[in-house]
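Please open the model in your viewer and keep the selection tool at hand.

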Amino acid sequence: MSQEILQNLLPILENFDLRGVPADAEPWGSGHINSTYRITVDQSGREVHYILQGINQHVFPNVPKLMENIQRITRHLARRNPQDARATLTLVNDRQNQPFWKNPADGECYRMYLFIEGASTVDAVTSPEQAYQAAKAFGAFQCALADLPGEPLFESIVDFHHTPKRFQKFLAVLKEDKLGRAALCQKEIAFALAHEKECSLVVDRLADGRLPWRVTHNDTKINNVMLDDKTGEGICVIDLDTCMPGSVLYDFGDEIRTTTATAAEDERDLSKVNFDLNLFGALVQGYLSTAGAFLTPEEKRLLPFSGRLLTFECGLRFLTDFLEGDTYFRTHREGQNLDRCRTQFHLVAQMEAQEEQMNQFVK
Ligand code: ADP
Ligand code: GN1
Ligand code: MG
């Protein structure tokens with residue numbers, strides 16, 4: 001199977017200087033957007049790994065600008081921390097020295113990274129220590145990007161976390177209901193409709209200056225940070241496609257969404273899906289250990305709320321995609337986006353119930 005995959009990828013791999021002979025290829029990770037492979041290369045008898053990614057151009061249509069962002073960020077991080085090669089993603093340019101290769105035959109775009117060895121991602125946390133480490137790494141990442149020189153980063157997905165616009169899109173898709181799926185998710189639709197009011201809280205504050213714009217990651221789910229296999233330390237923030245101007249609340253909110261839940265994002269048995277206050281406490285401590293010094297009082301005040309907002313927004317996006325026919329998030333089974341929506345809304349309800357305890361933790 002992996003040899004078959006390798007054979008299919010060889011015409012792509014030959015456009016990158018991998019300093020050896022490609023020996024194996026396997027699908028890697030569980031991201032919902034790009035196509036990721038781990039490539040094994042035989043470099044004079046030594047096994048070396050790389051990450052090859054097919055870039056999802058449905059989601060990221062402007063690949064040159066996207067890759068310019070990633071080049072700027074990875075170079076900046078490498079300059080700040082030159083002695084630690086695993087502290088940032090490292091791009092491997094194509095043979096024309098470009099940060100990605102475009103296949104002239106079909107227009108598909110590919111990029112290559114050095115493989116970060118001795119570290120892994122998890123899809124769900126299993127201990128408060130993991131939550132602490134992940135949040136600490138994301139806080140340090142925001143801190144490191146605060147002095148990124150040059151123009152603001154390119155907005156790789158316009159209005160990515162503009163929750164009210166996400167809500168409007170949901171309403172439009174619901175109205176059309178082109179696949180007749182609304183009948184399958186009446187409860188979730190009702191939940192979404194009942195939550196419109198809170199959608200604009202962050203975007204309103206960004207618009208009137210009560211919250212600052214910063215360079216943020218915007219997709220801080222738990223499997224976008226690599227944890228050291230031996231020490232458990234959060235060593236590298238990955239998946240940089242959505243780094244752009246945003247609010248720290250987008251990042252912290254998405255950390256809460258994926259790091260305080262006791263089950264996978266697509267768990268069907270909702271009795272297993274719980275918001276865990278202990279994990280939340282570890283997350284807050286980890287995040288404030290690196291980001292606490294630069295956050296404004298208003299940002300700090302809204303940290304607990306951000307979890308609800310981002311979890312709701314993500315659930316709404318899953319629901320919208322389900323109604324539209326699963327065209328955005330990769331799915332592996334029927335109804336998976338609806339299952340994902342259900343876990344998210346279930347978590348929102350739990351966070352609402354524990355709002356006071358969450359606020360106390362941050363205080
Ligand atoms: P997606 O945008 O589809 O989520 P990611 O960039 O997050 O894709 O990559 C998917 C997974 O591949 C990650 O969760 C991680 O496990 C793994 N991965 C990505 N880049 C590297 C790397 N440079 N070294 C090791 N593993 C990586
Ligand atoms: C996607 O790329 P990945 O799998 O890390 C999505 C996020 C969602 C997440 C839900 C560019 O993240 O916004 O929160 O799925 N990324 C994009 O799991 O839309
Ligand atoms: Mg990812």
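**First stop: a helix residue**

Select Ala78, which counts as partly exposed at 34% relative accessibility; the label means between 20% and 50% relative accessible area, with under 20% called buried and over 50% exposed (1.4 Å probe, protein chains only). Ala78 has its place in helix α2, residues 63–80. Helices (H or I, at least four residues) and strands (E, at least two) are DSSP runs, numbered from the N terminus.

Two remarks on reading the model are in order. This is a predicted model, in which local features need pLDDT of at least 70 and side-chain atom pairs count only at pLDDT 80 or more, while totals for chains, interfaces and linings use all residues. Residues are numbered from 1 along each chain as its sequence is written, chains are lettered from A and ligands numbered from 1 in the order in which they are written, and side-chain values use heavy atoms, with hydrogens and water left out.

**Second stop: ligand 1**

Select ligand 1 and display the residues near it (those with a heavy atom within 4 Å). How many residues surround ligand 1? There are 20, and the closest are Asn34, Gln53, Ile116, Thr121 and Asn223. By class, this shell has 10 nonpolar, nine polar and one charged residues. Strands β3 (46–54) and β6 (109–114) each supply at least two residues of the shell.

Next, inspect individual atoms. An oxygen atom of ligand 1 is 2.8 Å from an N or O atom in the Gln53 side chain. A nitrogen atom of ligand 1 is 3.1 Å from a polar backbone atom of Leu114.

Select ligand 3, the magnesium ion; its protein donors are Asn224 (OD1) and Asp239 (OD), lying 2.2 Å from it. Donors are N, O and S atoms within 2.8 Å of the metal (3.2 Å for Na, K and Ca); water is not among the atoms, so sites may look incomplete. Are these residues buried or exposed? Asn224 is buried, with a relative accessible area of 5%, whereas Asp239 is partly exposed at 26%.

Select Ser306 in helix α9, residues 297–324. Ser306 is buried, with a relative accessible area of 1%. Its side chain reaches the backbone oxygen of Leu303 at 2.6 Å. Leaving aside neighbours within four places in sequence, Ser306 is in contact (heavy atoms within 4.5 Å) with Leu249, Phe252, Gly253 and Ile256.

Technical notes
Polar contact = N/O pair within 3.5 Å; in protein donor to acceptor, adjacent residues only side chain to side chain. Nonpolar A, V, L, I, M, F, W, Y, C, P; charged D, E, K, R; others polar.
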